[in-house]
Each structure stands twice: as structure tokens, then as C-alpha cells.
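Dear colleague,

I am passing on the structure we talked about, and below it I set out what was found. Please read the notes with the model open beside them.

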Amino acid sequence: MISYRDVPDLDEATRAEVDDLLERSRVIAQMPPDRAQIAAWEQLAADCDRIGFPHLTTTARLSQYHLLSRGGETAEAIAAFVRLMQLVRRHSDLIDPRKTEIVLGEISMAVLDALDDPAVPLERVEKMIDLVDQEVRQQGVDRAGVHIARAALNCSRGDASATRQWLERYRAEGSEGWRPDDPSVLQIDVPLLARFDPAAADELLMRGAYANGLDPEQPGADATDRLIPLCVLHAFLQRRQQRHGDADRIADLLLASRPVTELMRQAPPEQLVPVLENHPGAALVVVDHALENLTFDGTKWELLAALARERMLADPDGAEGRLIRMLAEEAAAAHDARGSTDVHSRELSDFWWAGMPDAQSTAAPASIGAEQWNDPDSRADLVLAAGWLERAGWVSAFDAPYALRARYQRLLESSMELASAADAAEAAALAARLSAEGDRLHCAATHVNVPLFLAANAAERGDIEGLVTGLRRAQSRVMEVHESLPGFVSQGLEAIFMVAVQIAVAEPGISWRQIEELIDAEHRILSQTGLTSRTSLQIAGLEIAAHRGNEDEVRERAEAVLDAMRGESEQLDAVDILLTVVRLTAETASDIAEYLASHAASAGDEIQARAAAAWLYWFAHGRGEDGAVAEMRRVIESVAGEVEALGPVPGWVVLDVLRSACGVDLVPLVDALLSEAEPLSADSLGLLESVGEVLREHSPGDRRGVEFRERVDAIVRGLDGRNGDTRWNAWLAERRAARP
């Protein structure tokens with residue numbers, strides 16, 4: 001076994017292992033506080049046990065306990081704390097005493113967390129305390145935390161005498177780490193006494209505050225962060241004593257001294273809400289924040305009581321207050337049953353429900369089934385839908401109410417399934433279900449994602465009208481919910497916008513007015529929300545200029561794209577943008593295109609460089625340079641028929657070069673390019689033309705050659721008809737005339 005003292009003197013191999021574990025602990029500590037971090041600490045603890053280094057195992061187990069406790073996982077947190085204590089008992093001589101003292105000092109907070117959950121038996125909590133007490137005695141360290149823990153345990157049992165005795169013992173023994181007059185300690189032990197004697201608790205609070213030079217009666221603008229929680233607690237205890245005028249005076253001073261959002265960060269909501277009872281607007285801010293973070297799992301009975309009282313005062317006939325009151329009464333009853341007492345229910349009737357309408361039935365309304373009411377997720381849905389959701393407006397999936405975050409996550413995942421729905425009927429059915437759920441939860445992402453992914457699904461099926469209509473609807477919805485929209489949704493909309501413009505411009509059945517509406521809407525999104533980029537809008541303009549074949553405008557628009565890209569380089573893939581500009585300038589301003597392709601070839605990743613190289617060989621082949629065909633063949637062979645690995649380069653670019661290759665069977669390549677381009681819309685005009693000619697030359701018996709040629713002719717006629725010119729007929733004639 002390795003002691004914390006031995007680390008500097010370890011042999012080289014063991015020291016390297018220990019150093020690696022210490023570095024991992026630093027990395028894990030920087031991870032987001034979630035299940036992945038808990039699992040990482042578990043693995044680190046196992047690896048520390050493997051080499052026998054309990055000092056660092058203690059760090060891992062303590063960190064796990066903190067994460068589970070703060071995350072409301074009471075049962076798991078208790079189990080983690082017990083493992084931690086067992087570790088300290090077995091190996092205390094190998095662990096730094098300072099760390100051991102930290103672990104032992106956690107007992108009061110661990111007990112308070114455990115007592116908050118009525119599902120945790122008091123006998124189990126008492127065993128936790130005994131385990132720590134035994135180790136504290138053995139180590140000869142401060143017992144203050146143990147005494148406070150025993151006071152809290154007896155408070156849960158409704159035993160006023162025992163609670164007082166343990167608090168008095170704690171104060172009599174004194175403690176450097178738990179000074180009785182310390183403001184943070186007062187916030188722990190005063191509420192324990194207040195359960196039985198609010199006046200005595202208030203007197204204790206004021207005495208401790210004055211000893212620190214603090215006056216809870218005077219929360220002025222210069223009040224310190226140490227004072228504000230004591231002011232709130234003092235005013236709360238005045239409410240408990242029916243001294244409402246005194247409590248209101250302090251509430252007025254508190255709100256005059258700082259915003260309610262700051263008060264929320266400094267005082268617990270179960271105290272702050274009743275203090276603000278005669279300031280309903282401020283109280284509602286606190287209530288809504290508390291509801292947003294509530295678990296609805298039967299814990300926090302006092303908080304539920306505070307929320308229920310505020311909502312019933314604000315809306316006596318509303319369902320919201322009644323539902324929360326039912327939760328509070330059930331939670332208090334569970335606490336009473338666990339402790340064989342009635343102290344919690346008596347506090348509800350004597351204080352929290354004082355002045356309220358006659359007691360309402362605590363049974364769920366007839367419209368709510370027992371199974372629904374007994375499920376925490378369903379309860380959360382019922383309560384939040386009764387008021388919070390309407391007040392919240394549109395909700396971001398990443399700032400969703402804690403109790404419903406899994407529902408919002410499932411909505412996001414299901415929305416993405418729309419894009420791959422097998423047909424229009426399946427997509428419509430899924431969209432209807434998601435829209436109903438999204439509207440109920442006021443989910444901003446779903447409000448946009450449903451039409452957006454319907455648009456993507458339409459594109460997959462070759463329904464270009466559906467693509468344009470769906471995107472236009474999504475753009476309108478962005479304007480409604482943009483303040484609550486996660487960034488990835490707006491990024492997805494921008495990506496689909498660029499694809500949609502490319503496809504719509506090439507589709508004869510889509511009018512210029514429809515295209516202009518898409519672009520105008522995107523301009524509004526940029527100017528009013530900033531949730532798109534100038535670059536994407538400039539690309540849309542270049543797409544149109546390239547389609548019309550106006551060289552001067554193409555050059556001007558290409559420069560505008562590059563200028564916008566330089567200003568937004570941090571949020572874009574610059575090489576992808578360069579390759580887009582190459583595609584749009586290749587046939588009209590080839591000097592620009594070749595220069596940018598050369599830059600992309602050196603700056604891009606493997607796939608981007610491969611696409612850029614294909615363009616460069618196409619330019620070289622157009623100049624009649626030897627070797628271009630061989631180089632293009634090498635590129636194709638390097639991907640072993642996986643044409644998607646060619647990257648963002650049109651299939652016709654490859655075929656234009658390889659058509660002149662001798663002894664090469666191009667039909668397998670043609671089949672692969674066609675499969676990759678499905679569904680074949682007018683946007684695939686260049687590919688359809690090249691494939692048709694290749695098949696007519698290399699596989700005359702393949703009917704697709706003739707069919708594609710006829711389809712190209714029809715698309716060209718449709719484009720010139722829509723555009724009111726002959727630009728595409730001239731383009732087609734020039735391509736066919738250039739072939740032998």
C-alpha cells in the first residue's frame with residue numbers, strides 16, 4: 001500500500017503510475033458534472049485500488065459523493081458516503097489527515113441531504129452518523145458536525161427536546177470549524193430549532209449575527225453577501241411568528257437593495273418566497289426558478305409548501321397551487337410516517353396553510369389517474385403545464401425544467417428521425433405527434449425542427465416543393481422562438497438553407513419568387529436575430545449569379561462570399577466554403593475557381609483535399625494537359641469505389657475527365673455516382689448529362705443513356721422557360737458540340 005507520505009520516494013515505475021493517476025484526477029475534475037464524470041471517478045478509484053493508493057481513492061469517492069448529492073441522487077449519495085467512510089476507517093493512516101478531516105466534516109451536510117428524502121429510513125441515517133462518530137473519536141477531530149447531524153435526525157423525528165439537547169451540546173463544546181455564531185452555521189442550525197420554536201430560533205439568529213457585527217434588521221444597499229441570507233432567514237422567522245409587518249419591512253429593504261435574481265442566489269427559496277409574500281411579482285420570479293429546478297420526487301416538502309402558498313394566493317381558483325399543495329401534503333405525510341411524528345403536517349396547517357381557503361382534498365382529481373399522479377415525470381408534466389410553461393413562453397431544450405429534461409431530449413432525438421422517414425405519410429404522422437408534444441412543452445427546438453426536418457425528408461424523396469415549403473415554414477418559426485433556440489438548430493437551418501437554394505435554383509418547377517422569399521426570410525433572420533451568417537446569404541446570391549451565367553456578377557459575388565467568410569471564419573469551415581465557390585465559378589470564372597481549388601488542396605483535410613485535387617485535374621484536362629486523366633484515375637482508385645469519399649465535388653467533374661481514358665469500364669463508376677446522388681433532381685443536371693453521354697458511348701445497350709438525355713433536354717427547356725432566356729440551351733449545345 002502507498003501512503004500519501006511515500007509519494008516523493010517511490011521507485012520510478014510506481015511514481016510514474018501515481019503521477020498518471022494524479023494527472024487523470026485533475027482532468028476528471030474539469031469534466032462537466034454529469035454521469036460521465038461519476039463513471040470517470042469510479043474508474044479512477046478502481047485504478048487507485050489496483051496499485052494500493054487510498055489517498056487518491058478518497059478524492060475520487062468524495063468527488064462522487066458530491067456529484068450524486070448535488071444531483072439529487074440521495075440513495076446513491078448515501079451509498080457513496082458509506083463507501084467513503086469505510087475507506088477512511090480501513091486506511092486512515094495512509095490518507096492525509098487534512099483530507100480525512102474534510103471527509104468527516106461532511107457528515108452534517110450528508111445527513112441533511114439524506115433527511116430531505118423521506119424514502120431514506122432514519123435508521124440508515126443514524127448508522128451513517130454512528131459510523132462517522134466512531135471514526136471522529138478515533139481520529140480525535142472536531143465532533144461538531146456529528147452533533148449537528150444528530151440534531152437534524154431528531155428534528156426529523158419531531159423530538160424537540162433531543163434536537164435542543166444536541167444543538168446545545170454542539171454550542172457548549174465549541175469548534176474552530178463550526179463556530180456557533182458563524183453566519184453559514186447559523187443557516188444550518190437555526191432552521192432546526194425553528195421547527196419547534198420560531199421565536200427562540202430568531203433570538204439565536206440575532207445573537208449570532210450581532211456577534212459578527214451584522215444586523216439582519218438592516219439589509220441596505222451596502223449589505224454584504226454574508227448578511228443577506230441572515231436577513232431573509234430573520235424575516236422568514238418573523239412570518240413564522242405572525243409578525244407580518246416586520247417581515248414586510250425587511251422584504252421592502254431587501255428588494256430596494258438588490259434585484260430579486262440576486263436574492264435568489266443568496267437565500268433558499270423556501271424562506272425567500274414567504275418573505276416576499278406581499279411582493280407577488282418578485283415572489284413569482286423565485287417560484288418559477290424553483291419549479292424549473294424541482295425534481296417532483298417527494299423531497300423538499302417545505303419548498304413545495306412555499307410554492308403552493310404563493311400560487312394559491314396569486315390564483316385561488318387555479319389548478320397549479322392545488323396540485324403543488326397536494327405534493328406538499330403527500331411529502332409532509334411521508335416525512336411524518338418515516339419519523340413516527342406529525343410535526344411536518346402540523347407545520348403545514350399551522351403556518352403554510354394559514355389564511356388559505358378551506359383545506360382541499362389531497363387526493364388527485366378524478367381526471368388524473370393514480371398511476372399518472374404517482375409517477376414523478378407525469379406529476380412534473382401536470383404541475384408545470386398548469387402554469388409554469390405558459391409563463392415561461394418558449395423553452396430551450398438545454399434550459400428545460402430539470403424534471404422534464406429527458407422528455408425534451410427525446411423530443412430532439414425524435415425530431416431528427418423525421419429526416420429519414422420512409423415516405424410522406426410516415427413523416428406526416430410523426431410530425432403531428434412531435435408537434436403536439438412540442439407545443440405542450442413549449443419546446444422551441446421542436447417548433448422549428450418539425451418543419452425543418454420535414455423539409456429535409458422532402459429533399460431526400462425528391463420533393464423539391466416540399467423542401468422549399470418546409471424550410472420557409474421553419475424560417476418563420478425561427479423568428480417566433482429565436483431567443484430560446486439552441487445554436488445547433490439554427491446551424492442546421494442555415495445548412496439546409498444553402499442546400500435548398502442550390503436545389504431550388506436548379507429546379508424549373510420552383511419559381512424565382514419562391515427562391516426570393518427564402519433568401520429574404522434568411523436576411524430577416526440575420527438582421528433581427530443574428531442566427532445565420534452573411535456568408536450563407538452571399539453564397540445564395542452567387543448560386544443565382546452562376547445559374548444565370550453572368551461572368552461579371554459571378555466575380556463580384558464570389559468576392560463578396562470570400563469577404564464575408566473572412567469576417568466569419570471562426571464559425572465556418574473555410575475550406576468547404578472555398579470548394580462551394582469553386583463549384584459556382586468553375587464554368588464562368590475558371591481563374592478564380594482554379595486558384596481557390598489549389599488553396600483548398602493544401603489547406604483542407606483528406607477528403608477536402610481529394611475534392612480539390614479532382615477539380616484541379618478537371619481544369620488541367622480542359623487545357624489538354626497530359627497526365628490529368630491518369631491522376632484522376634489514381635484519385636478514383638484511392639477510394640476503392642466509395643465515391644462519397646471523393647468529397648464535395650460534382651460527379652460530372654470526374655466523368656468529364658475519365659471519358660477520354662482508354663480501356664476503362666466507366667459503368668461501375670457511373671452506377672456509384674448515380675447512387676450517391678439519389679434522388680436525381682434537376683440539381684443533378686450536369687451529372688445526368690455526363691452519365692447519359694458516357695452510357696451512350698460505353699454501354700449503348702443501356703436504356704438509361706437515352707432516358708437521361710431526354711430528361712436533360714426536358715430540364716433545360718423548363719429552366720429556360722422559367723428564366724425567360726436560352727442560357728441553358730446554349731450551355732447544353734456547347735457541351736455536346738465539344739464532344740467527339
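With which residue does Arg169 form a salt bridge, and how far apart are the closest N and O atoms? The partner is Glu173, and the closest N and O atoms are 3.3 Å apart, a salt bridge being a side-chain nitrogen of Lys or Arg within 4 Å of a carboxyl oxygen of Asp or Glu.

Before going further, please note that this is a predicted model, in which local features need pLDDT of at least 70 and side-chain atom pairs count only at pLDDT 80 or more, while totals for chains, interfaces and linings use all residues. Residues are numbered from 1 along each chain as its sequence is written, and side-chain values use heavy atoms, with hydrogens and water left out.

Arg169 and Glu173 are four residues apart in helix α9, and therefore separated by about one helical turn (helices are DSSP runs of H or I with at least four residues, numbered from the N terminus). Arg169 counts as partly exposed at 34% relative accessibility, and Glu173 does so at 43%; here buried means under 20% relative accessible area, exposed over 50%, and partly exposed in between, with a 1.4 Å probe and protein chains only.

By the salt-bridge rule the count comes to 55. Among them is the pair Asp246 and Arg243, at 3.1 Å from N to O, where Asp246 is partly exposed at 33% and Arg243 is partly exposed at 31%. Another joins Asp702 to Arg704 at 2.9 Å; Asp702 counts as buried at 18%, whereas Arg704 is partly exposed at 24%. Salt bridges that share partners also join Asp130, Asp133, Arg137, Arg143 and Arg150 into one network.

Turning to helices, α17 (residues 301-314) reaches 20 Å from its first C-alpha to its last, close to the 20 Å expected for its 14 residues, the expected span being 1.5 Å times one less than the number of residues. Because 11 of the 14 residues of α17 are buried, this helix is largely enclosed by the rest of the structure. What covers its buried residues includes α15, α16, α18, α19 and α21, contact meaning heavy atoms within 4.5 Å.

After α11 comes Gly213, whose phi is positive, near 75 degrees.

With best wishes

Conventions
Helices (H or I, at least four residues) and strands (E, at least two) are DSSP runs, numbered from the N terminus.
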